[in-house]
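I opened a new notebook page for this model.

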Amino acid sequence: MLKIEIRYAQVSDCDLIVDFIKAIAEYEKLSDQVVANKDIIYQSIFVEKSANVIIAFVDNEPAGYALFFYNFSTFKGKKGLYLEDIFVYKKFRKNGIGNKMFTFLIEEAKKNNCGRMEWICLDWNQSAIDFYLSKKAIPLSEWTVYRIDEKNF
């Protein structure tokens, strides 16, 4: 039986968070887009408090992370929890770690009176899609994500 612990990231975890970001970018075939580094993560998460990070450990070894922040739904009239990343290292997958982190986030959303929890998933990531559907998530196929990158502001 694996001992899984989930806790909020601490300042001393900045390098680890960057490692997770690079790992998820590699998994998503987007490594060329990563510009985040230890200083950016420190400033964004621990000074500006733009986002929150939880880290999962298995027997004290880093196994996964999730990065999230709060937004606001005008329709609900409440804040929402937006899940930017959830990732588990390959060697730890299929051990319930992603499930445990997801449940942790749902509990955070409830505790913070959120009206909903949302995220984006790549179309080709069938294992993630299957996981989200198992959680009773509803794909919003009638919505299209648009983006303007900072280079175009």
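**A loop residue**

I started with Asn 125, which sits in the loop between strand E5 (117-119) and H4. The model is predicted, and I read it as such. Is Asn 125 buried or exposed? I found a relative accessibility of 9%. The cut-off for buried is under 20%, so Asn 125 counts as buried. Next I looked for a side-chain partner. Asn 125 and Tyr 27 are joined through their side chains by a polar contact of 3.1 Å.

**Two helices**

I then checked helix H1 (residues 14-27) against helix H2 (residues 38-47). Their axes come within 9 Å and cross at roughly 105°. Angles of 65 to 115 degrees count as roughly perpendicular, so H1 is roughly perpendicular to H2. On the H1 side, I listed Cys 14, Asp 15, Ile 17, Val 18 and Ile 21 as making the contact. From H2 come Lys 38, Ile 41, Tyr 42, Ile 45 and Phe 46. I sorted the contact residues of H1 with H2 by type: eight are nonpolar, none polar and two charged.

**The cores**

Last, I turned to the largest nonpolar core, which has 23 residues. Which members touch the most others? They are Ile 54, Leu 83, Ile 86, Ile 97, Met 101 and Leu 105. At least two core residues each come from strands E1 (4-8), E2 (52-58), E3 (61-73) and E4 (78-88), and from helices H3 (97-111) and H4 (126-134). H3 gives the largest share, five residues. I also noted a second, separate core of 19 residues, including Phe 20, Ile 21, Ile 45 and Phe 57.

Definitions and conventions. Residues numbered from 1 in each chain as written. Predicted model: local features only at pLDDT ≥ 70, side-chain atom pairs only at ≥ 80, totals over all residues. Heavy atoms only, no water. Core = buried A, V, L, I, M, F, W, Y, C linked by side-chain atoms within 4.5 Å. Buried < 20%, exposed > 50% of the residue type's maximum accessible area, 1.4 Å probe, protein only. Helix = DSSP H or I, 4+ residues; strand = E, 2+ residues; numbered from the N terminus. Polar contact = N/O pair within 3.5 Å; in protein donor to acceptor, adjacent residues only side chain to side chain. Axes fitted to C-alpha atoms, helices over the stretch in contact; angles between N-to-C directions. Parallel < 35°, antiparallel > 145°, perpendicular 65-115°, else oblique. Contact = heavy atoms within 4.5 Å. Nonpolar A, V, L, I, M, F, W, Y, C, P; charged D, E, K, R; others polar.
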